[in-house]
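Thank you for making time this morning.

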2 protein chains.
Amino acid sequence: MKMPLEGLVILDLTRVLAGPFATMMLSDMGARVIKVENPAGGDDSRAFAPMLNGESAYFMSINRGKESVAINLKDPKGKELLLELVKKVDVLVENFKPGTMDKLGLGYEVLSQVNPRLIYAASSGFGQYGPYSHLPAYDLIIQGMGGLQSITGPDPEHPTKVGSSMADILAGIFTVIGILAALRAREVTGLGQMVDVAMLDCLVATLENAIARYVVTGSVPRPAGNDHPSIAPFATFESADGFVNIAAGNDSLWRKLCDALGIGELAEDSRFLTNSDRLANWPELKAIINEHTRTKPTDHWVKVLREAQVPCGPINTVDRVMADPHVLARDMIVSLVHPVAGELKVPGVPIKFSKTPGEIKGPAPLLGQHTRSVLQEMLGLDQEAIDELKEKGAIA
Amino acid sequence: MKMPLEGLVILDLTRVLAGPFATMMLSDMGARVIKVENPAGGDDSRAFAPMLNGESAYFMSINRGKESVAINLKDPKGKELLLELVKKVDVLVENFKPGTMDKLGLGYEVLSQVNPRLIYAASSGFGQYGPYSHLPAYDLIIQGMGGLQSITGPDPEHPTKVGSSMADILAGIFTVIGILAALRAREVTGLGQMVDVAMLDCLVATLENAIARYVVTGSVPRPAGNDHPSIAPFATFESADGFVNIAAGNDSLWRKLCDALGIGELAEDSRFLTNSDRLANWPELKAIINEHTRTKPTDHWVKVLREAQVPCGPINTVDRVMADPHVLARDMIVSLVHPVAGELKVPGVPIKFSKTPGEIKGPAPLLGQHTRSVLQEMLGLDQEAIDELKEKGAIA
């Protein structure tokens, strides 16, 4: 066995982000992912800019290592093909608006009759039940409703969304966990089940100590910029060419920090002796530290503070992340060669297995690239039958 | 079978956030989690404010449903006990600084000799190898180094950390995936393995389209506040009492939005006809919409826009999230009763399994609450032997 999910077959009806992110992770760990796409253009994100030789970088990035089968699910013949494929797979994943699969006649009730061992995972904005389940959801809307936006931002008056689509991504990741846990249950019970993951639920589950703090104190958490609510100095400071993050979590680190900044006398200042002192006089202290950190570039401070063993780091922009020696040493940036787009760099596999390492299996598929091979191999259809289905518009 | 991970036994050496978040999820899905704590105070987060009758709300929130066994791993007898326990479990999870377990004589090499089926999961800031693996890591430092902070914030000049400890949380979640995938591999190979998850890797893996955009365009992504880079209007607007998120993703939604705001004529304005027009004249358009949305409270707009089927939502603060009817309908806020602290509300289980639903198994343990029962049951020690170990300071 080379990869941990070898042998697992996934029928992937997902589009855009949350679902494709989930099936990307499954593919990177060795599962075979068969992406079923609408023949009329396929996954919406195939049209998302920016393009590389006409191919969407966004699509290629999160659909690497999958096979593409173009089937029209609104066509009766296409529906039949899907039902036949469902019999041959372990898992089906979709991220349609709730109710869509039922309307197609392909809801969980129907599919579980066809294959009782099927694990059916559905990822959506609000989930399959509850008063908002029918509402349209975008990442921004969910970040707002789930509380994450209300605790992120430079100050209490400016709630700010996270710069990546964190609600979608978290839903994708939790969907993977749901699928793997349901597979384990199936080994005991012999039966599949439905796994329902809502973006909103995922945000509530990851609010972390914001809930605990509110429940106990009654005080509503607000955006606090880059400052730590209860430790100082533990914040972002200005440098000559940008910023430096410094996390001096205790009195000993505080003294080391003062020495490294060349302001050793500050450690003896009665305003800043203990963490409580430093919190009480935080605006003053922050100004003093900034005055010093502003005199030299970030790289200087990172070097000096690391030598002094004070936790610190730069705010890396994406270009710097992609060139970071540690990131590269851990294979977190990988080059793919796509037959049309050419070379593309994408994030690597963040889980390092010592015996069955994950691996990006290949580039993203062209629309319908594997229609023929999958229908031949999995359903035993011959060339003639496939050509006929194609002529009738059931596949492409 | 009631819960999907029933029967699985986890030895949990984790502290603070990333590790405990991972084992919380495993417990919520039915695994038995035995938390091994230092007899001198236990998990550091037991001391984190705010407190409820002297018990940390933070600790109680993410350590629910676990058992606590207090063992001194620096004591030779304590070490022996741990090695005996390792023989009886499926998984060991730790989030020490890399090298700590080796120094204790309890590294993966040693433990895998004792139990070749053991899955050993280690979560850390920078991972078990690579040039930074020895560096101290806090969530802020990793959010900075991993690029997330560089794309979050109100404007390009103010990179802002995410308000929750997203680097820790993502590492915890990816650790769960690593464990479940390694369990699947073990079913085929019969062997355990080491799973190495670094917070920094997890952030790189979730940068999403920021990497694709940079790779293709060469332009470095920066914080863009609450505005969408390529769709308008798709942003946060001001209301009479706060904010409202509106996501009008196409021309038809744009017209619906204008009608709902009572400014139908704007849809015919040549400056705003197409998405490209609206992006080109975005500052102007944003000002006009804000002028209207500022006249009424958020609840008004959410009601009106939902009726008009325009995707929208409030920016809920944590108190509102916890009172939201949809969040409650999906059991995403759950009450626990702790023997000392009393009632505590915590986030629920975000993965909804139709046949084997997850469940919070109980409150967080007191330090060493299960030392006796676990050593009796799992290792067959009698009262006398346990009392002796206690007197010698190996356990508590």
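Let me start at the contact between chain A and chain B, where 50 residue pairs are in polar contact, counting pairs in which both residues have pLDDT 80 or more; please keep in mind throughout that this is a predicted model. On the side of chain A that touches chain B, helix H8, residues 166–189, gives the most, with 17 residues. The contact takes 131 residues from chain A and 131 residues from chain B, and the area buried between the two chains is about 11,300 Å², of which carbon and sulfur atoms give 70%.

How are the two chains related? A rotation of 180° with 0.0 Å of shift along its axis superposes chain A on chain B, with an RMSD of 0.0 Å, and that is the relation of a two-fold axis. Of the interface residues of chain A, 100% are also interface residues in chain B, so the copies meet through the same surface.

Six salt bridges are found across this interface, and one that I would point out joins A:Arg330 to B:Asp196, with the closest N and O atoms 3.1 Å apart.

Now to B:Arg330, which sits in the loop between helix H16 (325–329) and strand S12 (333–338) of chain B. Is B:Arg330 buried or exposed? B:Arg330 is buried, with a relative accessible area of 0%. Beyond its neighbours within four places in sequence, its contacts include A:Phe126, A:Gln128, A:Asp196 and B:Lys352, and a polar atom of its side chain lies 3.0 Å from the backbone oxygen of A:Tyr129.

Methods
Residues numbered from 1 in each chain as written. Chains lettered and ligands numbered in written order. Heavy atoms only, no water. Least-squares fit on C-alpha atoms with pLDDT ≥ 70 in both. Contact = heavy atoms within 4.5 Å. Helix = DSSP H or I, 4+ residues; strand = E, 2+ residues; numbered from the N terminus. Buried < 20%, exposed > 50% of the residue type's maximum accessible area, 1.4 Å probe, protein only. Polar contact = N/O pair within 3.5 Å; in protein donor to acceptor, adjacent residues only side chain to side chain. Buried area = accessible area lost by both parts, 1.4 Å probe. Salt bridge = Lys/Arg side-chain N within 4 Å of Asp/Glu carboxyl O.
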